[in-house]
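Please look over the sequence and the model shown here before reading the report.

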Amino acid sequence: MLELFLWFIAFVCLALPSWLLYNSWNKSRLLNERLTQCDDNLLTDSGVKVTQIVSAPVGTTVTENATLVMAPVNSNEIR
């Protein structure tokens, strides 16, 4: 009986992390599909955090919790 109990504990210890990994992968996959399809419901979905940027230059990358610093453009830079 003890052996059966230990096998059960081993199964739970393997199943829980496996499920967490699968769940995380599946959420990421579904989000990528919804972004590809331009799903409008993403704007109101409670599971998705939306950050709106107004008046940002083309090619701007948004990084969460980053400090925004204005840096002067080097006029000697070759373009």
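Predicted model: local features only at pLDDT ≥ 70, side-chain atom pairs only at ≥ 80, totals over all residues.

Residues are numbered from 1 along each chain as its sequence is written, and side-chain values use heavy atoms, with hydrogens and water left out.

The protein chain contains one helix and zero strands, where helices (H or I, at least four residues) and strands (E, at least two) are DSSP runs numbered from the N terminus. Of its 79 residues, 3% count as buried, a class that means under 20% relative accessible area, with exposed meaning over 50% and partly exposed in between (1.4 Å probe, protein chains only). The accessible surface of the protein chain is about 8100 Å², and 63% of this belongs to carbon and sulfur atoms; such areas come from the Shrake-Rupley method with a 1.4 Å probe, and for residues only the protein chains shown count as cover.

Helix α1 covers residues 2-36, 35 residues in total, and spans 51 Å from its first C-alpha to its last, close to the 51 Å expected at 1.5 Å a residue; the expected span is 1.5 Å times one less than the number of residues. After α1 comes Cys38, with a positive phi near 55°, although Cys38 is not a glycine. Most residues other than glycine have a negative phi.

The structure holds zero disulfides, a disulfide being a pair of cysteine sulfur atoms within 2.5 Å. Cys13 is exposed, and Cys38 also counts as exposed. Gln52, which lies in the segment after α1, is exposed as well, and its C-alpha atom is separated by 9.6 Å from that of Val62, ten residues apart along the chain.

| Exposed residue | Relative accessible area |
|---|---|
| Cys13 | 51% |
| Cys38 | 60% |
| Gln52 | 68% |

The second largest pocket has a volume of about 160 Å³. Here a pocket is an open set of points, on a 1 Å grid over the protein atoms alone, where a 1.4 Å probe fits, with protein on both sides within 12 Å along at least five of seven lines, and lining residues have an atom within 4 Å of a point. Its lining consists of Lys27, Leu30, Leu31, Arg34, Asp45, Gly47 and Val48, which divide into three nonpolar, one polar and three charged residues.

Definitions and conventions
Points joined across faces, edges and corners; volume = space filled by probe spheres on them. Nonpolar A, V, L, I, M, F, W, Y, C, P; charged D, E, K, R; others polar.
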